[in-house]
There are 4 protein chains.
Amino acid sequence: MANRKPLNILMIGQGFMGRAHSNAWTQVRKFFDPPLMPVLHTVAARDKQKVQEFADKWDWLNCSANWRASIDGDDVDLVDITTPNNTHADMAIAALKAGKHVACEKPLANTLDDAREMVRAARKADGKTFVWFNYRRCPAVAFAHKLVASGKLGEIRHVRASYLQDWADDSVPLMWRFQKRHAGSGAHGDLNAHIVDMTRFVTGSEIAEVSGAISETFIKERKKLTDGKPGRVSVDDTVLFLARFDNGAVASFEAARQATGNQNRNGFEINGTKGSVKFNFERMNELEYYDATTDRAVQGWATIICTHAGDHPYLEAWWPDAHLLGYEHGFTNMAFDVLLALAGKKPNVPLPDFEDAYQTQRVLAAALVSADEKRAVRLSEVR
Amino acid sequence: MANRKPLNILMIGQGFMGRAHSNAWTQVRKFFDPPLMPVLHTVAARDKQKVQEFADKWDWLNCSANWRASIDGDDVDLVDITTPNNTHADMAIAALKAGKHVACEKPLANTLDDAREMVRAARKADGKTFVWFNYRRCPAVAFAHKLVASGKLGEIRHVRASYLQDWADDSVPLMWRFQKRHAGSGAHGDLNAHIVDMTRFVTGSEIAEVSGAISETFIKERKKLTDGKPGRVSVDDTVLFLARFDNGAVASFEAARQATGNQNRNGFEINGTKGSVKFNFERMNELEYYDATTDRAVQGWATIICTHAGDHPYLEAWWPDAHLLGYEHGFTNMAFDVLLALAGKKPNVPLPDFEDAYQTQRVLAAALVSADEKRAVRLSEVR
Amino acid sequence: MANRKPLNILMIGQGFMGRAHSNAWTQVRKFFDPPLMPVLHTVAARDKQKVQEFADKWDWLNCSANWRASIDGDDVDLVDITTPNNTHADMAIAALKAGKHVACEKPLANTLDDAREMVRAARKADGKTFVWFNYRRCPAVAFAHKLVASGKLGEIRHVRASYLQDWADDSVPLMWRFQKRHAGSGAHGDLNAHIVDMTRFVTGSEIAEVSGAISETFIKERKKLTDGKPGRVSVDDTVLFLARFDNGAVASFEAARQATGNQNRNGFEINGTKGSVKFNFERMNELEYYDATTDRAVQGWATIICTHAGDHPYLEAWWPDAHLLGYEHGFTNMAFDVLLALAGKKPNVPLPDFEDAYQTQRVLAAALVSADEKRAVRLSEVR
Amino acid sequence: MANRKPLNILMIGQGFMGRAHSNAWTQVRKFFDPPLMPVLHTVAARDKQKVQEFADKWDWLNCSANWRASIDGDDVDLVDITTPNNTHADMAIAALKAGKHVACEKPLANTLDDAREMVRAARKADGKTFVWFNYRRCPAVAFAHKLVASGKLGEIRHVRASYLQDWADDSVPLMWRFQKRHAGSGAHGDLNAHIVDMTRFVTGSEIAEVSGAISETFIKERKKLTDGKPGRVSVDDTVLFLARFDNGAVASFEAARQATGNQNRNGFEINGTKGSVKFNFERMNELEYYDATTDRAVQGWATIICTHAGDHPYLEAWWPDAHLLGYEHGFTNMAFDVLLALAGKKPNVPLPDFEDAYQTQRVLAAALVSADEKRAVRLSEVR
């Protein structure tokens with residue numbers, strides 16, 4: 001290990017995603033044999049005391065309360081952005097200008113304008129860009145991608161995707177996630193972003209048109225955190241829309257935060273002419289597969305536990321069959337692929353860069369136009 | 001039993017539905033104790049020889065090749081229509097004019113015009129009308145209706161409904177179901193009709209607007225039955241749309257005939273503020289129920305086997321717990337409720353009459369306008 | 001139909017099984033095209049008034065309060081026995097002596113002595129014998145039999161079978177099922193009989209040894225139906241045992257009436273060197289199948305909905321794909337096979353005669369010896 | 001964190017379990033806030049080069065090729081044993097004599113004699129002992145324990161436990177796991193050990209008698225690793241037995257390595273008078289719970305995703321609802337409880353010490369006597 005070239009990482013942010021990324025950069029060198037040696041060089045966040053505690057806990061070598069200064073540090077190779085969406089553009093563009101590689105949390109940005117600027121900066125820069133659509137690295141999802149790519153599903157006809165949660169009942173106060181100026185949107189950017197990315201990834205096709213979008217805020221006021229009085233919610237609780245992929249498939253998308261009983265049902269079903277797959281993150285180790293090319297008498301949905309080293313992506317690094325993986329493993333798997341890419345090698349499955357994430361952003365934007373104007377919207381209208 | 005008043009039935013048609021209805025009218029008096037005694041009086045169909053054979057097999061007392069003449073028979077009390085959709089209006093209106101009760105297969109008609117005429121005839125007539133939306137009488141669906149009506153789900157927020165089949169791959173020839181002049185539509189009238197009715201029934205709410213509808217015919221040509229040469233398919237393979245219920249709930253609907261792996265997935269999920277239910281006809285004896293009002297530690301989707309006499313509708317007539325019911329039982333259960341209604345008693349759960357079925361018809365019509373004009377359509381536009 | 005030879009049936013008994021059999025003999029000629037025409041000739045039972053009402057309801061042509069006299073009737077072809085187990089031997093032997101065919105409910109008898117006498121009578125008689133192990137005719141079970149017979153599972157290694165119910169909590173009074181003199185045994189004869197028969201049927205192998213049997217009566221007293229005072233339960237609540245099949249497979253069996261949450265979990269799992277199957281009657285239309293001979297990457301338990309005409313036994317008679325069958329269909333399917341056998345044709349899957357049912361009876365008897373003597377018991381010890 | 005007292009750990013072994021334990025001791029301080037600070041002080045293993053590489057990869061401060069010498073090191077507080085079963089006794093006894101705490105992998109030993117010696121040493125020593133029955137710390141299993149302990153299941157009547165795998169087909173060569181002198185036993189010690197421990201843990205009751213045990217080696221010869229020639233397998237492939245708990249419950253146990261389709265089905269079902277639970281490690285985040293005390297109409301098996309902080313053990317340390325945990329989390333959770341216990345605090349659920357693990361060992365030994373002598377064996381016979 002000593003001989004591998006180090007990759008010095010600057011991570012900005014220390015929240016939920018900060019923990020997930022710190023864990024990934026640590027675990028990747030223990031479970032995999034990456035071609036570069038990730039070094040937890042510096043973590044940057046606003047609050048000096050908190051960032052010090054965070055650095056201690058997660059074994060970051062340094063900490064900083066000034067991300068701009070840290071970005072310009074000579075020894076930083078990769079800037080990993082885990083802060084709220086409205087800060088992504090500034091940080092990513094600065095990092096790219098400073099010649100660093102950038103790994104940015106999803107969604108790319110809160111606005112299409114910001115996203116476009118980020119893409120432009122990426123085109124001009126030497127550094128590589130990555131966006132943490134971590135669910136692509138859930139082995140069952142990566143395997144679904146491979147099944148489709150190998151032609152096992154035939155021609156894709158139907159896509160059904162939904163990301164349903166139920167945490168946001170009326171007892172939840174008016175936190176930043178319910179305010180547009182911080183969060184950009186509600187379930188749409190938080191959850192639809194994932195399923196738009198996943199279905200693009202698994203089908204290998206782009207969305208050409210969206211239609212019929214509905215955006216709804218069921219709970220219009222929540223208690224303010226400051227004084228407990230009612231405050232206005234300025235983001236959606238749910239956004240649904242229909243779509244056409246450019247391969248002709250029809251599709252439905254739904255993101256929701258009050259879909260009672262669905263704690264984290266991030267999933268899809270894809271029907272092709274030769275077979276189908278189904279995925280639900282609540283059973284993230286499983287892919288359901290229907291093979292319509294076998295003997296009709298034994299056709300049925302097969303529950304594949306995607307934990308077989310050799311057959312299922314990333315599993316050579318982990319445990320024996322059906323010794324399950326959890327949520328954070330997707331991040332570690334992605335860290336491995338990022339290290340492969342930075343070493344000039346091919347990742348296990350395609351990595352989303354800014355360009356790629358921008359396509360997802362356009363779909364989300366088109367859905368909002370559709371909801372506003374109550375009409376179908378071609379993706380070509382949204383640039 | 002001898003003392004019960006007989007109800008003389010004239011059934012028109014002898015196909016798939018003819019079998020299901022004959023069975024229902026026979027079984028109902030064996031498993032239930034209906035207040036009227038159904039008599040399989042006459043079956044009418046075009047082909048003299050076939051209708052005779054059918055009558056022999058299913059114990060009809062008489063058969064006829066002239067439905068019009070039979071309708072006018074003095075001793076007929078109820079006319080049961082099981083013929084193709086494009087014949088419903090003529091038969092139903094004639095029967096109503098003759099003073100008979102009418103039980104008509106779904107969908108009510110192929111066109112909104114026909115449906116409107118049928119409703120007008122029903123309003124003027126003395127006879128009662130019924131439409132065979134048999135899935136309402138699947139005990140799990142009837143129980144879902146009761147749960148919602150009792151307030152156990154709270155306020156309804158989300159409805160997801162789909163009726164997915166996969167029998168129509170390109171090996172299937174150009175039968176009547178693929179021709180508009182006979183079938184009216186493809187998956188839309190055949191399958192969406194059921195889930196629109198079921199969700200209206202279970203939620204107790206009407207659809208106010210539809211949007212974003214997509215109608216697609218994936219397989220545009222099929223082999224003609226006559227000469228095996230390619231012929232044009234004139235109906236849809238799939239229709240999707242989004243909707244708003246007038247209680248504010250958002251909804252998605254999808255009917256498909258090429259959703260590989262889904263042989264008969266006629267189902268819905270409904271999320272309320274206090275709980276949720278899920279149903280899939282492929283496991284028709286089960287209702288999944290999530291109760292969000294209990295101790296959080298033990299909350300989960302519970303699989304209720306809806307076979308408990310006393311607790312689940314219709315089960316007092318059938319077998320002990322978890323001795324499952326099948327497809328045809330829904331028809332028998334409906335036959336029982338029709339007999340209750342005709343005897344002036346209350347059915348187990350509401351029965352759809354022509355007026356009610358017309359509301360479903362309007363939703364289907366609105367979806368077609370939405371698909372054509374690529375815009376949201378208020379139900380009030382469609383009358 | 002008029003040309004088919006009639007088969008006149010005398011059914012003895014009018015309880016739960018009387019309903020199931022009456023239904024089967026009626027439905028079989030409507031859904032199938034049997035080679036003989038079953039005629040519901042006479043139903044016999046003790047209570048004159050009740051048997052008359054039963055005959056009216058289920059369309060039996062005659063009724064009788066004297067089964068012995070009816071058995072001797074010249075025009076009876078088949079005697080169908082649905083009365084309690086302790087009456088089977090008398091009736092079956094009388095019927096065989098009178099030259100009739102006999103279809104007897106399971107288990108064959110309450111004692112091994114009775115069963116042996118019945119087998120002897122059958123050997124000497126001209127009539128054919130059948131035992132109503134109806135679950136063999138559940139299409140998923142029949143299909144499992146065919147899969148094993150075709151070699152798809154390879155060599156059988158493991159059998160796990162259990163029939164679990166939960167109706168018998170301490171609120172249930174001291175009905176006849178809890179009294180040895182009427183019922184013979186509790187869960188053992190009622191439930192283990194089915195799973196011993198099913199696993200013999202599906203594996204095609206006989207049990208060579210049983211061991212470790214445990215028989216337990218958790219609730220030792222129940223309220224008497226007469227005066228509500230405590231009365232002694234004289235049968236088991238649960239019986240478990242292990243076994244060896246003569247093909248070398250190891251097996252476990254369990255019958256229980258207080259297995260909370262299991263309303264009617266009559267099921268098995270069978271593991272072979274090439275594949276496995278799982279069945280649970282609570283989802284009776286499904287067979288789970290694991291094919292270990294395919295590509296390892298896509299191996300998983302497939303849920304086969306056994307409703308495909310042509311591929312799954314009996315389905316040509318019923319409904320389209322995934323239009324489910326219910327509990328009573330197994331009886332109707334068996335009625336069809338009995339009619340085939342009596343017409344000299346091959347049934348869809350093997351029919352159990354008295355000889356065959358006697359093997360099941362020996363296994364049950366061996367388990368009781370094992371429980372009493374706390375040791376392994378070879379089947380050869382029990383004759 | 002700096003202020004917490006360190007706990008210096010010596011780990012012996014560097015195989016599969018060495019990885020799992022190293023990970024646990026690292027992750028525990030990042031995700032939890034343990035009262036002691038675990039220090040990865042020294043890893044000891046035979047091969048000097050490999051142990052150095054392992055230490056580098058997993059961040060152990062020191063490495064050693066001499067475990068005896070390391071045990072005597074003054075600064076070691078806890079000795080963690082992850083080596084093969086036949087080495088446990090020597091190491092554990094030496095460590096206890098040296099005044100250290102000991103955490104030993106399961107099963108306690110290969111022989112009851114060894115296990116007894118270990119218990120004696122533990123009784124005399126000052127150090128605490130722990131045995132890595134990691135599945136107790138799977139949140140769903142820990143929650144099942146709590147449900148039973150709280151009385152929610154009422155009186156326990158039935159226990160069904162099995163640990164089924166399918167990796168050992170005839171292509172697998174004669175590795176150490178198939179040789180008695182190394183492994184002690186096959187599936188029995190490897191897999192039955194876990195389910196005996198889990199069911200004792202969840203029910204809170206001890207096994208009083210075992211009966212009917214069957215031990216079988218289906219594949220009697222395998223290719224030797226050295227020369228590829230056939231060599232004799234000297235351990236079992238499968239062991240089944242029945243049992244009685246001292247609370248009166250009846251039970252079945254089965255361990256198997258050729259149960260095709262079951263990759264890691266480590267599970268149990270427990271039926272009580274008021275409710276039941278079911279667990280299967282292949283869906284380790286879920287506990288199925290049937291509450292028989294609620295309204296009969298809505299009773300059903302509920303799938304509880306055991307990931308709710310506050311309600312489900314250990315979850316306060318991990319991710320939001322339904323962001324699943326994986327296999328290794330059980331070890332990290334146990335590491336946390338060990339640290340609590342060593343700091344004089346109460347673990348989340350009871351920790352097995354040598355005394356406790358010895359009870360499991362006695363059950364395994366009794367099963368072998370039962371298999372040999374083909375009779376029921378009281379636990380009191382085995383000491």
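**Exercise 1. Find how far apart the centres of domain 1 and domain 2 of chain A are, and describe where they touch.**

Step 1. Taken over C-alpha atoms, the centres of domain 1 of chain A and domain 2 of chain A are separated by 26 Å. This is a predicted model, in which local features need pLDDT of at least 70, side-chain atom pairs count only at pLDDT 80 or more, and totals for chains, interfaces and linings use all residues. Residues are numbered from 1 along each chain as its sequence is written, while chains are lettered from A and ligands numbered from 1 in the order in which they are written.

Step 2. Look up the bounds, which come from an automatic or database domain assignment. Domain 1 of chain A is 5-131, and domain 2 is 155-273 + 353-373.

Step 3. Now list the contacts (two residues are in contact if their C-beta atoms, placed from the backbone, lie within 7 Å). Here 16 residues of domain 1 of chain A are in contact with 12 residues of domain 2 of chain A.

Step 4. On the domain 1 side, the elements giving two or more residues are α5 (112-124) and β6 (129-131) of chain A. Helices (H or I, at least four residues) and strands (E, at least two) are DSSP runs, numbered from the N terminus. The largest share, five residues, comes from α5(A).

**Exercise 2. Decide whether A:Val159 is buried or exposed.**

Step 1. Locate A:Val159: it is found in strand β7 (residues 156-164) of chain A.

Step 2. Recall the cut-offs: a residue is buried if 20 or more other C-beta atoms lie within 10 Å of its own, exposed if 12 or fewer, and partly exposed in between, with C-beta atoms placed from the backbone.

Step 3. A:Val159 has 26 C-beta neighbours inside 10 Å, so it counts as buried.

Step 4. Look at its partners. Leaving aside neighbours within four places in sequence, A:Val159 is in contact with residues including A:Thr199, A:Phe245 and A:Ile270.

**Exercise 3. Work out how chain C and chain A are related, and where they meet.**

Step 1. Superpose the copies by least squares on the C-alpha atoms of residues with pLDDT of at least 70 in both.

Step 2. Turn to the interface, where 15 residues of chain C are in contact with 15 residues of chain A. On the chain C side, β16(C) gives the most, with five residues.

Step 3. Check the pairing (two strands pair if DSSP finds at least two bridges between them). Strand β16 (residues 301-305) of chain A and β16(C) run antiparallel and are joined by three bridges. In this pairing, A:Thr303 stands opposite C:Trp301.

**Exercise 4. Give the strand order of the six-stranded open sheet in chain D.**

Step 1. The order is β3-β2-β1-β4-β5-β6, with parallel pairing.

Step 2. Identify the edge strands: β3 (62-64) and β6 (129-131) of chain D each pair on one side only.

Step 3. Zoom in on one pair. Strand β5 (residues 101-104) of chain D and β6(D) pair over three bridges, and D:Ala103 has D:Phe130 as its bridge partner in β6(D).
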